[in-house]
Amino acid sequence: MDQAEVCESSEHWLESRCGLSLSHLRSLCTTDTVSERGDGVSKQMHISSESLADFEEQLYMAIEMYHDHIKWLSQGNRKVFGLVNGSRVGVLVDTSDLNCSTERLADLQRELLTLIDEQLRFKKQLYLLSYGSEVSSLWDKPQDICPLRLRQCCAWVMQLRAGGGCDLLQALQRALTCSELDTLLIILGSRPDQTVDVICDVLTQTRMPCVHAVAYSCSSPAAIETVKQIAEVSGGRFHLFSAALGVVDSSTDVDLLWVEIKAARSVLTQIQSMRQGRLGDTAVTVDSEFSLESSQVSSGLDSLTLSDFSPVRSALSAPLCIQTTGPAPSSSSEWLKSHGLKAQKLDLYQLLARNAYSPQEMFVPVLGKTVSSTVHERVMVQFEWHDGTVKNLHVHLPSLQKYQKQLVGAVHLFERRVEWLNRTGSQQIWGTVCEQRVQVLLDMSGMNVHHQLHIQHAIRILLQEQLADKHSFNVFVFGSDVKSWQEKMVPSTHENLQAAWLWIQALECVGGRNTLAALRCALEEEEQEESSLTRGLYLLTTGMPDQHMVSVTAYVSERCSTTNLNLHVCLFTGEEDTAGCPTPRYTTRTQTARALSGLAHAGNGRFLWMTETGIVESDDISALIGEMETAVNFYQKCSELVDSLIQKGSDRGSGETSSPSIKPRAWTHKAQLPSRPTSLSLARLESRQKSRLAQNSLTWRPNSSKAVIPAADISTPARPPRSVDQRKTNVSQSVFFMEDGNLGVVFKKYPKPKSVRKTIATVKLPKHEDICSTKQWLKRFGIKNLKLDLHKLISGPECCHHNKLVPSVQKRVSAKYCDVFPSVQINGTVKHLHLTPGELKQYLSQTEKLVQRYGQRLEWLLTGSRRVFGSVLEKMVCVLLDVSGSMAPCLPELQKELTLLIWDQLHAGSVRFNMLAFSGEVRMWQPVLVQSTEELCVEAVQWLNQLSTHGASSTLQALQTACGFADAVGLYLITDGRCDSSHSRILTEIQTLRQEKDFKVHTIAVNCHDRACSEFLKSLAHKTGGRFHQAPENTDPALIRKLLSDSCSADPVLPKCEGDDLRRLSEEIEKLRLFQKQAKAFRETILESRNQKRT
């Protein structure tokens, strides 16, 4: 992007790139008025297919260009402060105690220096001003930019310090006196001292320059609202940046681009409607032949330019622009072998191994027992090793700090490679092409007719960017039949690449998807002479093959295990709109991705899943993310080591100096120590040991045959009983004489400081979903199990608030330490906050990760057949469908959803199943449970489609029939709850049946609006150990994902769910979000308390 566009906002950037709206599309058509018909059509529209295809192509190019601009806005310093316009800029920096705290100041200074270097140095004039409780400016008036002024700006940034409150109003009044300024950049990191209404009133009464307001790493709702209101009142822009997540939360520039993308997608939907023959009340005819009129329309379309400089302006028919690839590319797994943590010698255990020692134990003959070394308690830190053992470490603090900096540098390197893999180009679609001999398989089936432009664009950029430096290549295209460009692979010359591109342009999408035949044709191609060279097969497809996936995977695994060949699968999916398409075997995009990922891994290759908006899944990126998570884990362990070292140092300074003065309580009943003999020989020592043994032998032991209580020994006075606290703090010592005559003492028991402080756990969450109930899933990944319950973290004994009544003053007085720590109310009880801001920040990071994982689970539960029927858990299932008269309104929809259930869960999970339909009588599909083979599933779908509703509902008879199939069977009862028997009788009979048979009843409420029926279905499920499920109304998984990912939204409300699985998960999400809200408030309370103490 050139420098002329650097200072251009998205609003102005979009003004020069218009001309692709629905009205422009209508202008390319000829419209005739027709007489009113019965179907509501009043107009007839004509447009050539070439013009429609060209317009659609330019829309796709525009969407890609908008995505590129969003990525550009999210790079470098623009991600933090946004794009700063204007040539005479005033910068207002918040230097309040909260924004310039010890934890934030260094990061703020670094970002401001980057802002100066990347954006402000190109301006004509600058005016820098900081505001806390007081306002201070670098110069009295704006100054022209020169190298000296830039150095002064950098020095001013490094001298910024915390300055009390946040007087934004005074800073604005000072800046408005400089009439030369045309732009004000307001950087706000905390809540202003004034209300947003007061600030906006001043802005409306004053002539304002263009305002660019930035909320820098701020979680305060008041500050975020202030930034947005300032931008709205002044007609400027706002930008919200989250340093904790490293992303842009919201921005005027980015939001405008997303609105434009949404509008472009809406036009694409209208184009699909036009191809189907109708647009609103207008009938549309798409002419396929050229005419003079259509040629004029096409020439008019060519004049609608998106950008004079944009590289996407060239049509697909233009010759290839071949590019050299530079250094030999490699996959991420190979790249990590030379650039990963182990390659850079940044493995934490490798670093600590030189100073790690295992705990030592030794048998002491004098004591007759094994004694453990205790030297680590003073000079070492205990650390859990990767194999689960505990090591004693000598920690060198400067080395750990240097290691942490190296980890940060390694993570930045991994992030740069992720950005490179995710950039717009062939790497985003195909990944890195690493082999020397390349075969490309293109899915050109009839189902891809709407994606033909995408496929042509994908192969074009592959030919241009990655195949020029390869040894040889070939291209295969398959639908129902397989076509190859050449019989054998040919050298990758410019002429051959151009010829392959011209051949691909002449092809059309037609037929089925015979993937297995295409793989056979490519894998069984005659071997070239250079058999030692690596060979890669790259399959670009949009869905599942026509053949069974198990057969395809088995064939690929057999072929690739004996040859030097890798099969890489690239999946492209568009919008999930299956209207008019036959019901596929795998109905969801996620299941298709899982199956094709297994195919790629069976072929020793990599998998990549791409949509119109970007990469969804990539093995290359997943490997890099895994390495980054390992680096973050090492960094956190280093921080824990540093904290342990600091804590040990503070304990040593406060407690160890008094340990020599502690007198053992075991000596208190004796008058003096045993007298020291003048000489102690080995014979005398042996005699003392014999006498001690003789005394021990006289002690009473109970007889195994008869319990006799011995008489009390009145010669030895009984010791007074000791309290529990005394027993806990008792120090026991054993005294003995050594051979040289000196007195030796061995400590047997002594008080050890035991920390009751709870630490923030690092959560480890699964990437893929487990097929289990939410109750079982939360036992492993719930808030309580992951030790993220905020109330428990601040409910230890050190957090108690002591407030006792003092009789002398006749009032309640708090303990002295109660003024040291901030106090909060937890469930009506006052608690002291012992957690640090860093620990609360870590807690917020872990809980945010958990919220996103909960949202992923919730979205999974709301996709496919799980939305209507819930998850099928058992391996033996009987589905009971109510087809009584009351089910008539919902039976057609149920038949579609049950078809989805059969393929989505029963067939995919290899579940043995049967189906019953009941009304006045019970009808069975099969007499026994059967395997979910493909042929039987097709029969089950056909049997379902011939069902009709009539009569009453014999629910009890259906349940009794289903119980007879097998033990441990899961019964899935689909009904509205209306029965011909009483609810109490059904519950009683089912309880009686459960004494003889082992089964569970899972109830699915459909069209159930009666509260009594709903409660009956819940009772039936819960009393048999099953689950109750009711599909939520108007629940969009994408909306839920947006609600949970939008951290700036003010308490978004999740849809109400009645089903057990959805309800439990929603309640856990709400509880976790409550903890997040409280943790943010606690953190601000602690920071404010610290700032008050400093002032």
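Colleague: Which backbone oxygen lies 2.8 Å from a polar atom of the threonine 1024 side chain?
Modeller: That of leucine 1020. This is a predicted model, so take the distance as computed from it. The threonine 1024 side chain also reaches the backbone oxygen of alanine 1021, at 3.1 Å.

Colleague: Where is threonine 1024 placed?
Modeller: In the loop between α34 (1011-1023) and β37 (1028-1030).

Colleague: Is threonine 1024 buried or exposed?
Modeller: Buried, because its relative accessibility is 2% and the cut-off for buried is under 20%.

Colleague: What does threonine 1024 touch, leaving out residues up to four places away in sequence?
Modeller: Ile990, Arg994, Phe999, Lys1000 and Val1001.

Colleague: Which strands does β36 pair with?
Modeller: β35 (residues 969-975) pairs with β36 in the parallel sense over seven bridges. β37 also runs parallel to β36, joined by three bridges.

Colleague: Changing topic. Which strands form the open sheet with antiparallel pairing?
Modeller: There are three, in the order β13-β17-β16. β13 (356-357) and β16 (381-384) are at the edges with a single partner strand each, so one side of each has no neighbour in the sheet.

Colleague: How many bridges join β13 to β17?
Modeller: Two, with the strands running antiparallel; β17 covers residues 390-393. Alanine 356 has leucine 393 in β17 as its bridge partner.

Colleague: On to the cores. How many residues are in the largest nonpolar core?
Modeller: It has 34 residues. Those with the most contacts inside it are Trp777, Ile783, Leu788, Tyr843, Leu850, Tyr854 and Leu1065.

Colleague: Which helices supply at least two residues each?
Modeller: α26 (774-781), α27 (790-793), α28 (837-861) and α36 (1060-1094). The largest share is from α28, with nine residues.

Colleague: And what does leucine 1065 touch, not counting residues up to four places away in sequence?
Modeller: Thr774, Trp777, Leu778, Tyr854, Arg857, Leu858 and Leu861. Apart from this core lies another, of 33 residues, including Leu442, Met444, Leu507 and Phe572.

Colleague: Last topic, helices. How far apart are the end C-alpha atoms of α4?
Modeller: They are 36 Å apart, which agrees with the 36 Å that 25 residues should span at 1.5 Å a residue. The helix covers residues 49-73. It is mostly covered, with 18 of its 25 residues buried.

Colleague: What about the reach of α16?
Modeller: α16 (residues 397-421) has 25 residues and reaches 37 Å from its first C-alpha to its last, close to the expected 36 Å.

Colleague: Which residues of α16 are buried?
Modeller: Leu400, Tyr403, Gln404, Leu407, Ala410, Val411, Phe414, Arg417, Val418 and Leu421.

Key:
Residues numbered from 1 in each chain as written. Predicted model: local features only at pLDDT ≥ 70, side-chain atom pairs only at ≥ 80, totals over all residues. Heavy atoms only, no water. Core = buried A, V, L, I, M, F, W, Y, C linked by side-chain atoms within 4.5 Å. Buried < 20%, exposed > 50% of the residue type's maximum accessible area, 1.4 Å probe, protein only. Helix = DSSP H or I, 4+ residues; strand = E, 2+ residues; numbered from the N terminus. Contact = heavy atoms within 4.5 Å. Expected span 1.5 Å × (residues − 1). Polar contact = N/O pair within 3.5 Å; in protein donor to acceptor, adjacent residues only side chain to side chain. Pairing = 2+ DSSP bridges.
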